[in-house]
Number of protein chains: 2
Amino acid sequence: MKVDTLIINADLFTMKGEGVGYVDEGSIAIDRGVIVETGLTEHLLKEYSAEEVIDATDKMVLPGFVDAHIHTYWGTLRGISQDSSMWMHKGVGPYKRKLTNAQRLSGSKMIVLEALAAGTTTFGDYGSPINDIAAFYSKIGARASLTGMIKEVPEVLDNLEEGDLYPFDKSIGEQTLKENLELIEKWHGKHNNRITTLMGPQGPDFMSVDMLKKVKKIATQKQLKIHMHVAQASRESKQILGRYNKRSVAFLNDLGYLDNSLIAVHLTDATKEEIKTLVNREVSMTLCSGAIGLIRGIAPPASEFINEGGTVALGTDQPSGNNCNQIINEMKLTALFNKLKFKSPETMPAWKVLRMATIEGAKVLGLNNEIGSLEKGKKADIIFVDLKEKTMQPVIKYPMRNHVPNLVYSARGSEIKQVMVNGETLYKNGEFLTVNEDEIVEEAQRMSTELTRSISQEAFEKTSNYEFMKSEKL
Amino acid sequence: MKVDTLIINADLFTMKGEGVGYVDEGSIAIDRGVIVETGLTEHLLKEYSAEEVIDATDKMVLPGFVDAHIHTYWGTLRGISQDSSMWMHKGVGPYKRKLTNAQRLSGSKMIVLEALAAGTTTFGDYGSPINDIAAFYSKIGARASLTGMIKEVPEVLDNLEEGDLYPFDKSIGEQTLKENLELIEKWHGKHNNRITTLMGPQGPDFMSVDMLKKVKKIATQKQLKIHMHVAQASRESKQILGRYNKRSVAFLNDLGYLDNSLIAVHLTDATKEEIKTLVNREVSMTLCSGAIGLIRGIAPPASEFINEGGTVALGTDQPSGNNCNQIINEMKLTALFNKLKFKSPETMPAWKVLRMATIEGAKVLGLNNEIGSLEKGKKADIIFVDLKEKTMQPVIKYPMRNHVPNLVYSARGSEIKQVMVNGETLYKNGEFLTVNEDEIVEEAQRMSTELTRSISQEAFEKTSNYEFMKSEKL
């Protein structure tokens, strides 16, 4: 049989089954972006002839990573807010308030390049201007599961006292809902389902009950998942308690939100009982170890959610906050943070975080029929890791394999030499094939300079970085 | 004045003073491997002419990293022991027992390449065959502060029951002491002090009182520092309690070990009071966040030691255990682990771990008169970070600088494009200038295959990886 592409001689990790699905001397036949067959090289070479044969000798070949929660639009702000106890207010605040849509979009593009070159093929991107961001995913060729951020609270809240409830502004709600609906209308299912969409109420504390009900109703009608920050901090719990005299999970339960269409992000403030309730109701979870570790000093409840039987995806969150948008970093931090939390090196082994980064991530986004593992009928979203790189060396195959531990605990992202989505190569040996990297990086730098230079000295002096600058710590 | 090298137009972080010592449009004049002056490019261009002018536009230039505790000789074993509650016994054991000196040396070389390319210029290498390893540092041109590992306990302990005291073998003690003394004799002060040496009693539990006294006496006579694992685990505490009826710190105090010549590594099992005692006696500390996090699920007491006023260096420890020998990884993990431990994002800010990786690390090794900061009279051990790499983008200079947070929280090691020791470039744009990378990596791979294929199925079935292999998790 004639196919478009045949990958041969790979150390293949399909992620099929309950483990990592290893195939020695592995091969993949791809036609029109879809995997026709996986198996042994010698078998597939007999059955298929191909336009393009990719020799993956000395390569670890596996499904592309799923980043289930990423706010790329903060890209121009990397490094301006960390080591602060009030990350949003004393760090990002003055910059965020001035961020234009053009600046957001330019930062977004740069972060997509960073993540894609490090193996992310599916982007759970969440934010605004999401329709422009969608156009960029359309162009670059990556898979995207996009969410507009619906909220009724102004972008930056000034003069709010401890204990004050957030003000709601219906016009912001209508506008942000409109943006999310436009996204769905315009992009859902585009490019043979390479781009899909979700509904994005920012969090239970960021809008009125009316708006929450409206969003849920639309999501049900359109059969879309809901992507939402839930129990993300004590701040949220205080808002919901103050307004409704209950906690977030109980509140969302009363609104009919707790079902398998809900993706709950963070859950840092959720109790053990609440986690049990969420899992029982088939809610799935996305966690962002790097971001929550850095901005709050907390390890999200990954093990707790998994131990109840729940499905967990990884996300890199926003560039200023995490500062790093590479799933390979999230795998390592998630494994290590959970070992520390439970004082046990057995907790959260390498294979488990690799599943979270691939097949479990796909399940959370509702895309596991299409991606997350390399098997017949799935889309060919594939990454190639160079085993000749020092950080992947030595390669051991007997009596055990060390590919997965080395990928999780040693690799740093630069070992990924080729990234393919729908069978099309988007990145190879440091070069992007569908966009111009230099232009994108230079634009983001220009936009960032424009933004940061517009901050007044007075506004800057209110940030925690002011003290660091004064004492020559930056 | 005529000098060998002039670096110009750098975003220069000298690490001079109490902070990071930033100089905008910075310049460094270097002659015969020594820094003659640092300052503004326009000033230095007027005062100096140079054989070689390095234009460091778009580069962050800073002192090379100090890895104060690294066992490179485990290099052929990367990835064979993790996610196990008995890392040594159920992971490394069967391999370690068979490791030959040739295999150790080949692994060592590969790890040195990995670390050097990621910015490590000073190697606190500790192990055997240390004289052969010294010869490699001599050749490659890196700075090394080397330690032979003195012990009286056999390499691998079989049939030891819980509570049994380790057997001591005087002949092993004499042989390992001899190796350390040969090292000192042959290498201390070589290459204009590029190679220095320390005394290395492995730990208080690994030898008799007689040997500990002998080592301390020699170190005092020779005015050498002592590099020693101290209070590294409850296992050690049990041995010392069982043998001497006191804990490690009290025991070492009675032997006269607690003074400014002692570098105590790990201290994971040290109490608050013991830490206070150590700091008061001017003992310094080296911690290995990645290794101890991964193999024990514990964050070492870095903040605790610093808060008492102590000096702390970073180390990457051994490749199987940490699996990663890059100080850039240790900076990030040390910052994050301490934030988690104290549930505070303010704990262990970026500038602090950068100081630990440079000037504080130099202090711990007793080399701060020569390295650790870029200032007049110090050796030119310098690294160049490419600010055009996406992970360092955008670069913000006003109203604050984001170089240091981006280096610590975003960079992954591959941003380092040039590494210089004593003013000599050892690595540039992916190429090693003094050794053949391909030969070294291929040899390590060959040696690793030879080693791992010599393991019996029976021995392998006793490791925790056997279960992972059986269930297709590797």
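The legends below describe views of a predicted model with chains A and B. Local features are given only where pLDDT is at least 70 and side-chain atom pairs count only at pLDDT 80 or more, whereas totals for chains, interfaces and linings use all residues. Residues are numbered from 1 along each chain as its sequence is written, and chains are lettered from A in the order in which they are written.

**View 1. The fold of chain A.** Chain A has 19 helices and 17 strands, where helices (H or I, at least four residues) and strands (E, at least two) are DSSP runs numbered from the N terminus. Its radius of gyration, taken over C-alpha atoms, is 22 Å, close to the 23 Å that the globule rule (2.2 Å times the number of residues to the power 0.38) gives for 474 residues, so chain A is as compact as a globular protein of that length.

**View 2. The side of chain B that touches chain A.** Here 76 residues of chain B are in contact with 75 residues of chain A, contact meaning that C-beta atoms, placed from the backbone, lie within 7 Å. Helices that each supply at least two residues of this side include H3 (101–117), H13 (327–341) and H17 (437–452) of chain B.

**View 3. An open sheet in chain B.** Four strands, in the order E10-E11-E12-E13, form an open sheet with parallel pairing; two strands pair if DSSP finds at least two bridges between them. Strand E10 (226–230) and strand E13 (312–314) of chain B are the edge strands, each pairing on one side only.

**View 4. The pairing of E10 with E11 in chain B.** Strand E10 is joined to strand E11 (residues 262–266) by 5 bridges, and the two run parallel. B:Ile226 stands opposite B:Leu262 in E11 of chain B.

Terms used: Two residues are in contact if their C-beta atoms, placed from the backbone, lie within 7 Å.
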